[in-house]
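Colleague: I'd like a close look at one part of this model, please: the contact between the chains. Take your time and tie the pieces together.

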Amino acid sequence: MEATADLLKQGQKATIAGLKDGNFSQKLAEMGCVPGTEIVRLYQSSGGNTIAYRIDTYLLGLRREEANQIEVTLLELDPA
Amino acid sequence: MSFPSSFALVGNPNCGKSTLFNRLTGLTQKTSNLPGTTVEAMQGEIRINQGIVTLMDLPGIYSLYTKSEDEGLVVKHLIRTDENKPEAIIFVMDASNLRRNLLLFSQVAELQIPCACVLTMTDTAVRRGIDIDLLALQAALGVPCIAFNPRKEKNTSSVLALFKITAKPNIIGSPSQLPQRLKEYQQGAKIQGLSEETLRRYISIEEVIKKCTTKRPVGLRSLTLKIDRWTTHKWAGYFIFAGIMMVLFQGVFSLAKLPMDAIEIAFQSIRNTIETLLPKGLVSNFIVQGLIGGMEGVVVFVPQIFILFFLIGILEDSGYMVRASFITDRIMRKLGLNGRSIIPLVGGFACAIPSIMATRSIKSKRERLATMIVIPLMSCSARLPVYVLLVSVAIPFTQFWGPLHAQTFVITSAYMAGIVVAIILAFIFRLFQRKQSPSEFILELPTYQIPRIQTVLHQAWLKCLSFLSEAGKVIIVISMILWFLSNFGPSEAMKTAETEAHILSQLDPSHSEDIKTTLRLEASYAGHLGKCIEPAIEPLGYDWKTGIALITSFAAREVFVGTMATLFQSSEDNTQGIIEKMQAVKNPKTGKPLYGLPYALSLIVFYAFALQCMSTMAVMKRETGSWTWPIALFLIYGVIAYIGAYVVYHIAI
């Protein structure tokens, strides 16, 4: 199933499918958001303005609209 | 055998680069600017065989294509061709995060500078189930690679050996004309297909990773995530942030008290010694009051500045400050700032100057400017002694509300007033900026680590040294000018003052010294200057002596205390002495104490808002590229300070 990273639920795991063309694509790619990488939504600040993801092995903080630029393929719903 | 003599340490942020640098260079390091720029980098020396090589620790970057100013300057340093160019690179790579670190490596490789690779955090990699075959990696990259954990290993001989065997790296994948494209990029050209280039690099990097790593499945339990559950919690996160800030400032106040008292006592004994050694007269007076008094005014701040930089350094090094950015981004954005602004803003409570430089990490020009604009409203450590002096003179040390002391309450309010005005100003500034400029918040949340106390101590100390030399020069010069102005005057006026003093002291012999000093001062150039601006500041409740102190502290706020000390000079010239003397002065019109509560509150408000710091203005000019903003802010903050002080004075009176 296709979605964007901001739509993931807390703890949900997915694989990055691609990046939308936009202001952030270059920076996101440099930070390791490349197709095939595993992405997990971890936690968010109050109001959900910024969201923390685990990309591969490290944590990345993104704004919601930046996370919206990351296209993902859903894998499974983490039971935790 | 010859090998390169100047090296640069290059790598991602948080890859252990600076820890490695400290291991290698020890105490030889000093901060210096990258040649021809204002970006600070640490530089140190290493002895290898018989020769000495220099090693520069460049700030961490993720990519050579960068929009932020400080990172851009790092890239410029790498691609420069003049004699300051680094002859070779020691590339530091976080083994637990190989893919992203290899992206930067693949770009740097195209510069074809001789290189060697140090893999850090291999223990973390192993814990994450990643095993790295160093020989395969070496073959793929074409440069010597070793594993070294600078946090744990002390013997650096394996790293030092690398300095002698650097080699030109292999191009990973197919070359992309990076040097040419980088030049165009730096000139502001929009490069087509940049993210495609990055993705292509990742495809080649994936092949390298496949060849030299094996992955074992491991369960991920992370302490960092457990801590983050609290520090980024939707409301507990803010409480923790506020709590940490309170502890921070409490720590600065209470920890700095003892060393500050010690410094005052030490200077007092130096003064006494000189006074007994030198014959009484103009020379001795100049050395004791002008020169040593000026030096004391500088040195006495070192404990506060040191402790504040140290504590902020601890917070940054532990990884906490990034979480503070993460939770405050929402509020900051509403004000036209960025979550990243929180670090320079907190730093503003220590000193505006390094904080204004720290705004370089904010990518959006508008957000960066807005952050710079409000930083001077954070009550910096230089304002603290002014607050403390005024509070000690005019506010009784009594319980005010519960355990809260009246004095603490007033000082805390001054800090809060600055923050409130900063919020309002940021908001107004945002309204003026109609156009949406791109803003981003893509921030790595590093794993928490135990702060490296020694490194942070060392860096805080280096910052103190630079304060001592930069601000120190200004303050000492001002103190000497002030001494001259307050000891000399138009000869007519001075003569009249002498005669008057002579007559008066015969009437009241017990206070003859004091009377003479006061009259002489009033007749001096400084006295004339103060009298000259008295009409302008009288509505705020200030007298001409305060006027002199206001003028001199336009150079730097802390000069206020030193000036008052000089103006109320007495044989026992210490803070306690000034406080008592100031308390004794009565307003000739009302008979009430002249330096009473309304005076103190009004002056505290004035100092909270006014941009009285030449160094801040100078650094702002350097960072914005013109005098427009510093001058505009000087005027705006001046008006706010004047109105604020006027209102407070008239409410309090």
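Modeller: Let's start with the layout of chain B: the C-alpha centres of its domain 1 and domain 3 lie 52 Å apart. Chain B is split into domain 1 (6–215), domain 2 (236–432) and domain 3 (461–652), with bounds taken from an automatic or database domain assignment. Keep in mind that this is a predicted model: local features need pLDDT of at least 70 and side-chain atom pairs count only at pLDDT 80 or more, while totals for chains, interfaces and linings use all residues. As for labels, residues are numbered from 1 along each chain as its sequence is written, and chains are lettered from A and ligands numbered from 1 in the order in which they are written.

Now the contact itself. Chain A puts in 29 residues and chain B 32 residues, where two residues are in contact if their C-beta atoms, placed from the backbone, lie within 7 Å. On the chain A side, α1 (25–30), β3 (38–44), β4 (50–55) and β5 (58–63) each supply at least two residues; helices (H or I, at least four residues) and strands (E, at least two) are DSSP runs, numbered from the N terminus. That side has 13 nonpolar, eleven polar and five charged residues. Here Ala, Val, Leu, Ile, Met, Phe, Trp, Tyr, Cys and Pro count as nonpolar, Asp, Glu, Lys and Arg as charged, and the others, Gly among them, as polar.

Zoom in on β5(A): three bridges join it, antiparallel, to strand β12 (residues 443–445) of chain B. Two strands pair if DSSP finds at least two bridges between them. Within this pairing, Leu59(A) stands opposite Leu445(B).

Leu443(B) counts as buried because 23 other C-beta atoms lie within 10 Å; the cut-offs are 20 or more for buried, 12 or fewer for exposed, and partly exposed in between, with C-beta atoms placed from the backbone. Glu500(B), by contrast, is 57 residues away from Leu443(B) in sequence and 70 Å away in space, C-alpha to C-alpha.

One last stop, back in chain A: Asp56(A) is in the loop between β4 and β5. Its phi is near 55°, a positive value in a residue other than glycine. Asp56(A) is buried too, because it has 20 C-beta neighbours inside 10 Å.
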